[in-house]
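Have the sequence and the model open while you read.

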Amino acid sequence: MHLASGFLCVSAFNLNQTTTTDRCKAIPTTSGSITINGTSSSGSIVTNSPLVDFDLNVTSSGNHIITAFTSTSTVDLILELTNSAGTVVISKTDTNSTSSSRERLLENLAIGTYCVRVKSYFVSGVFGGNIKVQVANNPTLVGSGSSCNFIANGSCYDFSVGGNHNAGVCSGGTYSSTNSCATVNAGASPTISGRCLFSINATTANGQGLVSRVYYSAGNWCYHSGK
């Protein structure tokens with residue numbers, strides 16, 4: 001069930017003029033439901049639809065990482081979470097200093113129905129593009145689409161299914177486009193001592209999606225809203 005309806009109204013300041021224009025846009029229909037710990041959900045931000053909504057049903061209370069990302073590096077994203085009453089629970093923008101093409105938040109959510117809203121803060125260049133959103137609450141349940149292995153140093157990165165990960169985000173490690181950390185390290189039979197779940201790889205230009213970092217020597221269960 002889509003939580004938002006009606007119109008979103010904003011005041012827009014035109015840099016080429018001295019006036020401020022009030023504009024209202026119809027809130028678009030939902031782009032679908034997000035599966036927690038699942039593959040990313042996709043939607044598009046275009047000029048006649050400056051935001052995209054996703055339904056989120058939380059069935060287990062606790063910490064949740066929500067990340068929105070796009071491969072278009074010039075798109076500046078704003079990420080919001082609203083409850084069933086339409087009230088904004090939390091809003092994030094400019095949380096990543098190296099790129100505007102990804103936003104994330106870490107929030108302790110109660111059981112209930114929410115709406116994840118992604119907007120584009122447009123100044124110049126590209127207005128929007130294809131947007132992906134992922135939500136997770138358990139690093140052991142995030143599906144692995146590929147991996148970056150540092151077994152000699154006691155760690156490995158599991159890249160989530162539906163992300164924008166590639167070999168370029170595996171500097172110094174051994175990249176696999178198809179196998180998880182468990183598969184590539186099966187022969188070594190390492191003992192897993194901990195995992196961390198995070199959403200931002202700060203060394204790359206564009207947003208990628210969720211990552212589980214597996215520890216084979218030392219570490220604790222944890223959540224990171226960034227890296």
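Strand β13 is covered on both faces: Ser155, Tyr157 and Phe159 on one side are buried, and so are Cys156, Asp158 and Ser160 on the other. Buried here means under 20% relative accessible area, with exposed over 50% and partly exposed in between, using a 1.4 Å probe and protein chains only. This is a predicted model, where local features need pLDDT of at least 70 and side-chain atom pairs count only at pLDDT 80 or more, while totals for chains, interfaces and linings use all residues. Residues are numbered from 1 along each chain as its sequence is written, and side-chain values use heavy atoms, leaving out hydrogens and water.

**β13 and its partners**
- β13 spans residues 155-160, and six of its six residues are buried; strands are DSSP runs of E, at least two residues, numbered from the N terminus.
- Strand β12 (residues 144-150) runs antiparallel to β13, joined by six bridges; strands pair if DSSP finds at least two bridges between them.
- Within that pairing, Cys148 has Tyr157 as its bridge partner.
- Four residues sit between the two strands of this hairpin, where Gly154 takes a positive phi near 85°.
- β13 also pairs with strand β16 (residues 211-215), again antiparallel, over five bridges.
- There, Asp158 stands opposite Ser212.

**Ile90**
- Ile90 belongs to strand β8 (residues 88-93).
- Ile90 counts as buried because its relative accessibility is 16%.
- Leaving aside residues up to four places away in sequence, Ile90 touches Leu79, Glu80, Leu81, Leu105 and Glu107; contact means heavy atoms within 4.5 Å.
- Leu79 is 11 residues from Ile90 in sequence, with 8.4 Å between their C-alpha atoms.
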